[in-house]
Amino acid sequence: MQKMMGLMRKCIDDYHMISPSDKIAVGVSGGKDSLTLLTVLAALRSYYPAPFELTAITIDMGLDGMDFSPVEQYCKELNVGYYCKKTEIGPIIFDYRHEKNPCSMCAKMRRGALNQTLLDRRLNKLALGHHYDDAVETFLMSLLFEGRISCFQPVTHLDRTGIDQIRPMLYLHEKTIDHFAQRENLPILTNRCPVDKITKRAEVKDLLYRLSGEYPDLQERIFGAMQR
């Protein structure tokens, strides 16, 4: 926990992510990344010099078999408020529209539902569980599939809503998060999305894994180039 908090706090400080009296929502899907982010931020509340409030927000996409009650119980143990927003995003994308490329549409709809929930509950920042590997993968996806050099920012201000999106886990590798989630026995939910692990991101993840066997410092070079 100390190592995780140290890396996360460094990232928060480097990019000025948290200010006094912030009301921060953590987007909690039930996966290892968002639950790790929630756990470490909840622990950081007691030590961080700028006091902040924390709330967990789940967007229920309406997929069969998703039960968020273990997440709700875990939030009670962390003394973190929890709110689950019911939507029909899943049925709309897969049953009604039959989207051929559902991930982009899903991301936009989920982000829209999250931002509206923050506005309704008067929360000013949204913490997202993107980590080091996500940043490198997103950079390569933009290059390979869109022909442009791009990646998400550590802090993104949304002019229309006034919400700041922050990504405090950018210094954490996915393997570190995996080990932490296992050690802490986090209540990770099984992803019921029909296209889970058969996306373009999964292809790029596999490509990076193979290339890293020949070039062990490849991800560090890409991440460093993005920072510069």
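**Reading a fold and its salt bridges**

Q: Why does a radius of gyration of 17 Å agree with a compact globule?
A: The radius of gyration is taken over C-alpha atoms, and the globule rule is 2.2 Å times the number of residues to the power 0.38. With 228 residues, a compact globule would have a radius near 17 Å, and the protein has 17 Å, so the two agree.

Q: What kind of model is this?
A: The model is predicted: local features need pLDDT of at least 70, side-chain atom pairs count only at pLDDT 80 or more, and totals for chains, interfaces and linings use all residues. Residues are numbered from 1 along each chain as its sequence is written, and side-chain values use heavy atoms, with hydrogens and water left out.

Q: How many helices and strands does the protein have?
A: Helices (H or I, at least four residues) and strands (E, at least two) are DSSP runs, numbered from the N terminus. Here there are nine helices and six strands.

Q: How many of the residues are buried?
A: Buried means under 20% relative accessible area, exposed means over 50%, and partly exposed lies in between (1.4 Å probe, protein chains only). Of the 228 residues, 47% are buried.

Q: How many salt bridges does a search of the whole structure find?
A: A salt bridge is a side-chain nitrogen of Lys or Arg within 4 Å of a carboxyl oxygen of Asp or Glu. The search finds 15.

Q: Which residue forms a salt bridge with Lys32?
A: Asp178 does, with the closest N and O atoms 3.4 Å apart. This pair links distant parts of the chain: Lys32 is in helix α2 (residues 32–44), Asp178 is in helix α7 (residues 174–183), and they are 146 residues apart. Asp178 is partly exposed, at 25% relative accessible area. Both residues belong to a network of salt bridges, which also includes Asp33 and Arg201.

Q: Where do Asp60 and Lys86 lie?
A: Asp60 and Lys86 form a salt bridge, their closest N and O atoms being 3.2 Å apart. Asp60 is in strand β2 (residues 52–60) and Lys86 in strand β3 (residues 81–86), so the pair ties together parts 26 residues apart in sequence.

Q: Is Asp60 buried or exposed?
A: Asp60 is buried, at 8% relative accessible area.

Q: What separates Lys200 and Glu203?
A: About one helical turn, because they are three residues apart in helix α8 (residues 200–214). Lys200 is partly exposed at 44%, and Glu203 is partly exposed at 43%.
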